[in-house]
Amino acid sequence: MTAAVKPLKLGCSYKVAFSPDGTRLAVAGHSLTLWEVAARQKLWRGKFIAHTSSMVFSPDGAQLAIKSTSGQIAVIDVASGQLAFNFANRKDGEGSCPAWSPCGRYLADGGWDGRLQVREAHTAAVVFTKDYPREMLRAVQAIDGGQRLLVLHGVKSVAEGESQPPDYCTVWDWPLQAGGGRIVLSLPGMKSCAVSPDGALLAVLHYASGSEYVSVYALADGSLLASVAVEAGGGTGDELTWLPDGSALGRIGKGKLLFYGWPGLAVRQQLDFTYPCALAFLPGTPLAAIGSWETGMLMNLNLNPELL
């Protein structure tokens, strides 16, 4: 793949995701579209469920799991662009993005009702359930090459007179089992988080004393490594994404993308962008997919000149 590429307009694109081998780009907007990255060709487009809000490729790239704002999950065959299985779980309610098991047979996801579930990807049979009353499971992320899961727990509002407990993150080993889920960080006001590609660092966007911060912690022991006050985001300005080499942390800001160098979290670059809402990088290249409520782009982001 050549580095000098012409930007490609993706249209309205709430979510963007590269396949594991980097040859395909999935874009979720008013419909779901699959692009061939090198040729800049649209392979298929479909609308499989209403209001798709998240998606993730299976470890082998052969399947794409999608989830709607109502919690409904479906699995798409990537090669054919056909619906492989519909969970038909319209009453589950909103929640986190699904995450595949390392073997590609199961899907884990969390709900805003506090339920963590693992289901068989082609039968929807539930193989594991863990309920967290009075919590919202805001994020479920595959980490360490898919061998573990990170879950972001958001504590719902408490009754008048009660103190607000901190939000927290847990890490789970596959297969998920009762008694699993080790707390790795407990922190008030967490909005989003992202684990570094090497699995060593946990970046968090959080609020404290009326201000917003991006902080980085050691995942092994929860120790704080760096923190910087940031401008409050707007709309979808919560998402954090590490560069594939771990040299910087990208953040969706209000009308812009911000990139904080690591170590240190100094702002390396700012890119003005209209209504940004998603960000994905293709490892080993300067190529990035930027989702936007108006017009997303597939383009070079020259944050690491040595890649050019």
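**Notebook: a look through the chain**

I started at Leu25, which sits in strand β3 (residues 24–28). This is a predicted model, so everything I note here was read off a prediction. Buried or exposed, I wondered about Leu25? Leu25 counts as buried, because its relative accessibility is 0% and the cut-off for buried is under 20%.

Next I looked up what Leu25 touches, leaving out residues up to four places away in sequence. Its contacts include Leu10, Val16, Ala17 and Phe18. Thr33, Leu34, Trp35 and Val37 are also among them, and so are Ala289 and Leu298. I also checked Leu25 against Lys42: they are 17 residues apart in sequence, and their C-alpha atoms are 9.4 Å apart.

Arg40 has one, at about 55°, and it lies in the loop between β4 (32–36) and β5 (41–46). I noted Arg40 as buried because its relative accessible area is 18%.

Ala124 also has a positive phi, near 65°. This residue is in the loop between β12 (115–120) and β13 (126–131). At 19% relative accessibility, Ala124 counts as buried, since the cut-off is under 20%.

Then I turned to cis peptide bonds. One joins Trp174 and Pro175, with omega about -10°; Pro175 falls in the loop between β16 (167–173) and β17 (182–187). Another joins Trp262 and Pro263, with omega about 5°. I found Pro263 in the loop between β24 (256–261) and β25 (267–272).

**One hairpin**

How do β6 and β7 pair? Strand β6 (residues 52–57) runs antiparallel to strand β7 (residues 63–68), with five bridges between them. I picked out Met55, whose bridge partner in β7 is Ile66. The two strands make a hairpin with five residues between them, and Gly61 in the turn has a positive phi of about 75°.

**Whole chain**

Along the principal axes, the C-alpha atoms fill a box of roughly 55 × 45 × 30 Å.

Of the 308 residues, 51% count as buried. The chain exposes about 13,600 Å², and carbon and sulfur atoms supply 52% of that. For contacts between residues at least 6 apart in sequence, I noted that 40% join residues at least 24 apart. On charge, I have 25 positive and 26 negative side chains, with the centres of the two sets 6 Å apart.

How values were computed: Residues numbered from 1 in each chain as written. Predicted model: local features only at pLDDT ≥ 70, side-chain atom pairs only at ≥ 80, totals over all residues. Heavy atoms only, no water. Buried < 20%, exposed > 50% of the residue type's maximum accessible area, 1.4 Å probe, protein only. Contact = heavy atoms within 4.5 Å. Areas by Shrake-Rupley, 256 points an atom, 1.4 Å probe, with all protein chains shown as cover. Lys, Arg positive; Asp, Glu negative; His and termini not counted. Charge placed at Lys NZ, Arg CZ, Asp CG, Glu CD. Pairing = 2+ DSSP bridges. Helix = DSSP H or I, 4+ residues; strand = E, 2+ residues; numbered from the N terminus.
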